[in-house]
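This report turns to the arrangement of the chains and then to some details of the backbone. Please read it alongside the sequence and the structure shown here.

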Protein chains: 2
Amino acid sequence: MLAVVATDKQEKLEELCALVEVDYTELQPVTNPFDALRGDAPLIHEDGNVMSRANLVRGNADQAIKNSRYVVTRKYKTSWQEHGFMEPECCVAMPEGDDGLLIYTTSQSVYDVQRECAKMLQLPEDKVHCHATLVGGGFGGKEDMSVQQYAALMAWVIKKPVKVKYTRQESLNYHVKRHPMEMEFTTACDENGILTGMKGIIIADTGAYASLGGPVLHRACTHAAGPYNYQNIDIFGMSVYTNNVVSGAFRGFGVTQSCFATEMNINLLAEMAGIDPWEFRRRNAIQPGQVLPNGQTADPNANMAACLDAVKDVFYANPYAGIACGFKNSGTGMGKKDIGRVLLSVEQGKIHIRTSASCMGQGIGQMALTEICHVTNLDPALFVFEAADTVRTPDSGTSTASRQTVMTGEAARRAGEKLKCALDGGKALAELEGREFFGEYSALTDPLGAVKENPVSHVSYSYGAQVIVLNEEGKITKAVSAFDVGTPVNIESVEGQIEGGMVMGIGYGVTEKFECVDGYPKSKFGTIGFLRATEAPELEVILCRPKDGDELPYSLGAKGCGELCMIPTAPACAHAYYRLDGKFRQSLPLEDTPYRKNKP
Amino acid sequence: MLAVVATDKQEKLEELCALVEVDYTELQPVTNPFDALRGDAPLIHEDGNVMSRANLVRGNADQAIKNSRYVVTRKYKTSWQEHGFMEPECCVAMPEGDDGLLIYTTSQSVYDVQRECAKMLQLPEDKVHCHATLVGGGFGGKEDMSVQQYAALMAWVIKKPVKVKYTRQESLNYHVKRHPMEMEFTTACDENGILTGMKGIIIADTGAYASLGGPVLHRACTHAAGPYNYQNIDIFGMSVYTNNVVSGAFRGFGVTQSCFATEMNINLLAEMAGIDPWEFRRRNAIQPGQVLPNGQTADPNANMAACLDAVKDVFYANPYAGIACGFKNSGTGMGKKDIGRVLLSVEQGKIHIRTSASCMGQGIGQMALTEICHVTNLDPALFVFEAADTVRTPDSGTSTASRQTVMTGEAARRAGEKLKCALDGGKALAELEGREFFGEYSALTDPLGAVKENPVSHVSYSYGAQVIVLNEEGKITKAVSAFDVGTPVNIESVEGQIEGGMVMGIGYGVTEKFECVDGYPKSKFGTIGFLRATEAPELEVILCRPKDGDELPYSLGAKGCGELCMIPTAPACAHAYYRLDGKFRQSLPLEDTPYRKNKP
């Protein structure tokens with residue numbers, strides 16, 4: 001932060017800002033992680049240019065690859081992606097009481113805003129009261145502080161309400177992007193197309209400052225071998241500082257990138273083994289009780305094979321159909337604290353659902369209400385869903401990692417069960433006036449590198465297969481998702497998420513490019529290449545629910561779907577174009593298609 | 001291999017070679033490992049551009065660094081080095097018997113030549129008879145095949161004797177070089193200057209083909225934390241293919257490179273902690289019974305502290321003296337087969353010492369003779385040391401990894417003990433005519449990543465400190481080595497090795513640069529910058545022997561000294577220049593000194 005300028009008249013702002021003189025020397029920027037790794041690179045930060053590392057080793061990849069009938073090694077490259085949420089960042093901060101601050105924020109967690117602003121102002125956390133307004137879309141782009149700290153600081157200093165709002169261009173320039181990753185993956189299979197081992201290197205451009213580069217890299221690595229049944233893997237990743245735009249959280253969280261490399265290698269292996277790409281995936285699809293490449297045993301509800309079966313016909317019916325599989329954790333996991341909390345309070349005849357879980361449009365309120373009504377059988381009209389608020393609502397963690405339906409959903413269900421108990425004696429709701437019912441769910445997982453035969457990295461995984469259909473001109477005419485997201489708590493909402501995810505995935509794969517030149521973001525909202533509504537293909541969603549009794553024992557059996565829905569889309573697009581024109585594309589966004597013709 | 005041309009008249013060779021037409025397309029070369037890592041780099045080999053990886057983790061480096069009072073992160077870069085052995089590569093091959101081949105070779109192992117030529121010609125190994133001639137210097141540069149395969153192939157095809165000899169320029173162009181490495185190292189200590197943790201990334205340029213890039217990288221990593229007593233380390237290394245000259249084995253074997261980074265960081269930490277650089281190293285010097293950063297417990301003979309004590313006066317007496325410490329394994333170790341073998345045979349009244357251990361000038365014969373005479377008390381004049389030969393001499397492994405004095409020395413001692421037993425009954429040597437006495441020593445070690453509290457990576461380590469003294473003009477006037485190499489079996493030979501190593505180390509540090517431009521070696525013997533005899537400074541060698549009874553129980557207590565002797569030299573030079581002019585140099589060779597003025 002260099003300077004914050006505030007005025008009571010917006011039109012005077014630019015004039016005032018012009019009074020701030022900043023004396024600086026522009027240095028030669030480091031614009032890619034490879035230059036940052038050089039022995040003669042400048043140190044971008046005092047503690048080095050390597051921000052984070054991850055190494056996932058199971059079995060003996062080198063040996064397995066050496067002994068395999070078919071082996072493929074390819075390099076891949078993915079680029080930045082902009083979240084493109086509907087509402088740019090905005091925050092209003094004002095004094096509260098004698099020595100406190102009230103912050104209206106639109107972030108993915110009110111408690112994160114509270115903690116970080118309190119730390120900045122050196123205040124006790126309870127002196128910083130954060131209240132969530134409607135978020136207007138996040139997709140990971142509103143996990144970090146953006147405008148909140150400026151509003152808080154200025155309000156604290158001048159003791160008046162202060163509003164800080166990014167223009168769209170400021171929003172594009174300053175919030176984090178999806179990490180560009182460059183990868184070298186080797187994948188091997190036997191003569192029957194059974195996967196035997198893989199190894200890979202992932203180098204991520206985490207930009208100029210630390211955001212969530214560490215966890216994103218971890219997830220890219222732990223999911224890099226795909227939703228298949230094999231064990232010999234050796235994946236090393238590095239997240240490296242550059243002078244580029246900062247990379248951070250974005251729906252799919254690293255897995256979007258490594259999935260592209262893995263699925264493309266699998267297409268080549270299938271070709272070498274003379275097995276069609278659907279069949280190849282079906283033979284290897286993880287089954288319940290088998291062990292995922294990251295060491296975790298697949299739950300009885302793991303329904304990857306059913307997802308593939310559900311897209312078989314559409315894949316075979318279309319000569320230019322591309323296919324890809326994916327999986328994604330629900331919950332932050334990896335041994336980190338991962339807790340959902342819901343408080344139900346009966347106030348003036350209404351039951352208030354209080355949780356800090358941030359709703360960015362995915363329908364947290366509807367989901368929590370469904371869980372509670374399912375348990376209590378009460379009329380939904382009796383409930384009021386409150387906005388997240390650090391005074392009123394218990395900390396339910398950040399809306400990230402496809403976690404809220406599992407974590408807060410289960411907490412809501414548990415709170416609902418307590419409410420039901422209280423009502424079971426035949427009491428009327430009015431008799432419970434003033435009572436509170438608290439539900440909490442804490443997911444226990446193992447850290448990366450835990451010395452266990454089968455570490456539980458995440459409380460659950462969702463699985464899915466997608467098919468992208470091209471016409472002869474190379475236009476995407478249809479996108480089909482068959483997904484195992486456990487029990488869909490709200491089918492319309494789940495379908496909406498998946499449809500949105502597919503469109504975002506097509507954008508990531510074929511239409512969007514965020515430009516950063518010499519360290520400066522250079523894209524405008526209109527030039528990034530977001531898919532317009534009129535360009536969206538026909539979308540189909542098939543939900544492959546687990547068998548009765550196999551469901552995850554939390555949140556009515558729901559697993560997350562917020563991120564998975566866009567993970568296999570880009571490789572499915574790349575596969576479709578490969579089938580159309582024979583060109584094996586190794587970078588995203590795909591070039592030389594009707595959507596991006598020979599753009600460099 | 002494209003084509004081999006032979007003629008009976010050397011003067012016709014060029015004319016004949018000109019008849020070979022080679023049709024090729026010159027592609028854009030990949031000239032550094034960072035470009036090779038990019039996601040859009042061409043695959044230099046089908047199995048990828050990452051040739052080898054290593055990851056050494058002990059304790060929790062991140063945590064230790066975070067909790068440390070002083071932390072320093074710096075980047076370092078080292079360049080190629082040419083061995084500059086006296087005799088370029090030469091080989092003569094000819095038919096032997098009806099279906100065999102006799103090869104006269106000057107390599108570091110006759111058995112390696114046998115195995116590789118037999119594999120190439122698809123012959124049983126015993127049909128390829130290899131005989132060593134005087135080697136004329138190797139330093140690691142004669143471990144790989146260079147000319148042998150050409151001579152063998154042509155002799156096999158034309159059934160006539162064939163000689164292949166490199167000119168000096170061919171030798172420079174085609175044999176392996178020392179790996180350029182680029183590093184980012186973080187080192188931390190507490191308020192008393194006690195080392196607490198380190199982490200590092202090492203990226204090595206292994207060139208266009210596989211040589212010993214894997215083991216070199218391993219050794220760079222396992223020695224990267226230096227001969228000090230601390231445990232929280234996390235070192236990751238990658239050896240990456242490029243289109244440059246091939247890198248491989250070279251005296252110091254990766255440790256020369258990582259030692260530079262480690263020792264330079266230590267100079268900065270000492271400065272931050274306000275402790276002089278000698279004292280800082282003395283406080284941290286590994287002591288017997290303490291655990292080395294790589295997990296191995298230091299032997300009772302580990303004499304690092306005594307080495308530092310021995311150079312204390314010369315360091316303090318000179319304002320522009322630089323200091324560095326180093327350690328180096330003896331023996332290949334790391335769980336690999338590591339065996340020394342000696343056969344003594346009594347023939348016509350003489351005792352023949354038969355071992356395949358290759359002598360490149362380091363005095364294997366003298367060493368073996370000393371071991372045997374020490375045990376048997378026989379007159380050295382009774383012995384004949386035979387040249388290495390796959391028919392006559394048992395396989396004693398390659399002359400590499402400072403291993404022959406320990407491995408073959410112990411095998412010689414054991415063979416000598418058997419001979420002594422046979423003589424002990426009062427027999428005359430004549431009575432033993434025709435008898436053979438076999439000695440074998442097999443070193444047992446643990447592989448990298450062994451799940452053990454204290455893995456034994458190598459059978460022993462040598463330790464040492466060096467001081468480089470500059471005059472006010474920046475000329476190196478004196479180099480002092482205080483080394484713990486165990487028992488010096490032959491003091492003159494050990495001192496000679498160490499003196500030669502210091503001169504080679506000064507070359508590596510301040511005078512030599514091997515140029516490789518666009519993938520083509522561009523240096524000539526006269527332009528590399530080898531230190532001339534007249535430029536060598538005063539050299540002093542101090543041997544810090546272990547206390548009686550503390551010796552390594554092999555080979556009379558000898559440890560290797562062939563490699564250690566040049567490992568600390570370059571950082572000691574860099575430290576001396578830092579004290580002279582205040583410039584902290586982070587790349588080798590050092591620039592802006594009287595030896596290399598502003599050369600880029």
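In this predicted model, chain A is superposed on chain B by a rotation of 180 degrees with 0.0 Å of shift along its axis, the RMSD being 0.0 Å. The two copies are thus related as by a two-fold rotation axis. Among the residues of chain A, the one that comes closest to the rotation axis is Phe34(A), whose C-alpha lies at 2.5 Å.

Turning to the backbone, cis peptide bonds are found in chain A, between Leu588(A) and Pro589(A), and in chain B, between Leu588(B) and Pro589(B). Pro589(A) is placed in the segment after helix H14 (569–581) of chain A, and Pro589(B) is in the segment after helix H14 (569–581) of chain B.

| Cis peptide bond | Omega |
|---|---|
| Leu588(A) and Pro589(A) | about -5 degrees |
| Leu588(B) and Pro589(B) | about -5 degrees |

Positive phi values in residues other than glycine also deserve a look. Met334(A), with phi near 55 degrees, belongs to the loop between strand E10 (321–330) and strand E11 (339–347) of chain A. With a relative accessible area of 7%, Met334(A) is buried, because this value falls under 20%.

Asp518(B), for its part, has a positive phi of about 50 degrees although it is not a glycine, and its place is the loop between strand E17 (516–517) and strand E18 (520–521) of chain B. The relative accessible area of Asp518(B) is 51%, and Asp518(B) is therefore exposed, the cut-off being over 50%.

Methods. Residues numbered from 1 in each chain as written. Chains lettered and ligands numbered in written order. Predicted model: local features only at pLDDT ≥ 70, side-chain atom pairs only at ≥ 80, totals over all residues. Heavy atoms only, no water. Least-squares fit on C-alpha atoms with pLDDT ≥ 70 in both. Helix = DSSP H or I, 4+ residues; strand = E, 2+ residues; numbered from the N terminus. Buried < 20%, exposed > 50% of the residue type's maximum accessible area, 1.4 Å probe, protein only.
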